[in-house]
Amino acid sequence: MAEAERIIGTPDNPETGGGEPEQSGEVAGEDGQQPRGRRRIAVLFVVAAVAYAFDLISKMIVVAKLEHHEPIDIVGDWLRFNAIRNAGAAFGFGEAFTIIFTCIAAAVIVVIARLARKLYSLPWAIALGLLLGGALGNLTDRIFRAPGVFEGAVVDFIAPKGFAVFNLADSAIVCGGILIVLLSFRGLDPDGTVHKD
């Protein structure tokens, strides 16, 4: 009996065979987290880069081909492309606070960059990537477009009927925000842990 316990191991004796798999599992888990964390950070920045690129390219096309021209109907009068310059926040709100919105966008970028160090969740990486790409897209307009640095007007062009005109950066920000709300309701944290209130 003593020989069998020595081979199989018992919970009371960590030096026996029963304790070894658990210990090796912990080591493997710690080793496995580092590459997994780097992959999630890479996903965040890839999603951000794609969202930023689509927004930047679409605005360049709109400024070159659509600005100062008649709107283009896409789906009857339900959806059209209509180039406008927006000094306010997303969807044209708060035009008197351009500098404040610029500072908020810059702060969002800094917060996301700091949070990325603890990022082990793929859905959170996608959500934060969308936020980051959208914030960078609109921040680029505010820095480099007229009337001046940190006061630039954002290029908006997607105009659904009965709704405010917006751009792809606004869409990315909204989609990222909705995803974050859903993840929070499900109890999933950016570090990959799940909690229940």
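## Notebook: a look around Arg-40 and beyond

**Entry 1, Arg-40.** I began with Arg-40 and listed its contacts (heavy atoms within 4.5 Å). Leaving aside neighbours within four places in sequence, I found Arg-40 touching Leu-119, Tyr-120, Ser-121, Leu-122 and Ala-125. A note to myself on the source: this is a predicted model, where local features need pLDDT of at least 70 and side-chain atom pairs count only at pLDDT 80 or more, while totals for chains, interfaces and linings use all residues. Residues are numbered from 1 along each chain as its sequence is written, and side-chain values use heavy atoms, with hydrogens and water left out.

Arg-40 sits in helix 2. For helices I take DSSP runs of H or I with at least four residues, and for strands runs of E with at least two, both numbered from the N terminus. Buried here means under 20% relative accessible area, exposed means over 50%, and partly exposed is in between (1.4 Å probe, protein chains only). A salt bridge needs a side-chain nitrogen of Lys or Arg within 4 Å of a carboxyl oxygen of Asp or Glu.

I counted 5 helices and 3 strands in the protein. Read along the sequence, their order is α-α-β-β-α-α-β-α. Of the 197 residues, 34% are buried. I also looked at contacts between residues at least 6 apart in sequence, and 64% of them join residues at least 24 apart. The accessible surface is about 12,100 Å², with 67% of it belonging to carbon and sulfur atoms. These areas come from the Shrake-Rupley method with a 1.4 Å probe, and for residues only the protein chains shown count as cover.

My search of the whole structure gave 6 salt bridges. In one of them, Glu-67 pairs with Arg-85, with the closest N and O atoms 2.6 Å apart. Glu-67 is in the loop between helix 2 and strand 1 and Arg-85 is in strand 2, so this pair ties together parts 18 residues apart in sequence. Glu-67 is buried at 14% relative accessible area, whereas Arg-85 is partly exposed at 36%.

Next I checked Asp-73 and Arg-80, whose side chains form a salt bridge at 3.1 Å, N to O. Asp-73 is partly exposed at 46% relative accessibility, and Arg-80 is partly exposed at 29%.

Are Arg-145 and Asp-141 buried or exposed? Both are buried, and their side chains meet in a salt bridge of 2.8 Å, N to O. Shared partners extend this: salt bridges join Asp-55, Lys-59, Asp-141 and Arg-145 into one network.

I then went to the loop between strand 1 (72–75) and strand 2 (79–86), where Trp-78 lies. Trp-78 is exposed, with a relative accessible area of 58%. Not counting residues up to four places away in sequence, Trp-78 touches Ala-159, Pro-160 and Lys-161.

Phe-163 belongs to the loop between strand 3 (154–160) and helix 5 (168–185). I read Phe-163 as partly exposed, at 49% relative accessibility. From Phe-163 to Leu-79 I get 9.8 Å, C-alpha to C-alpha, and the two are 84 residues apart in sequence.

Which residues form a nonpolar patch on the surface? I have Val-46, Val-50, Phe-54 and Leu-168, with about 360 Å² of accessible area together. Patches take residues with over 30% relative accessible area and no salt bridge, joining like charges within 9 Å and nonpolar side chains (Val, Leu, Ile, Met, Phe, Trp, Tyr) within 5 Å. The largest share, 3 residues, comes from helix 2 (residues 20–65). Val-46 lies in helix 2 and is exposed, with a relative accessible area of 52%.

Last, I checked pLDDT, the predictor's confidence in each residue from 0 to 100. The mean for the protein is 80, and 74% of its residues reach 70 or more. Over residues 1–35 the pLDDT is below 50, and beyond near neighbours in sequence this stretch has 15 contacts in the model. Where pLDDT is low, the predicted coordinates should not be read in detail.
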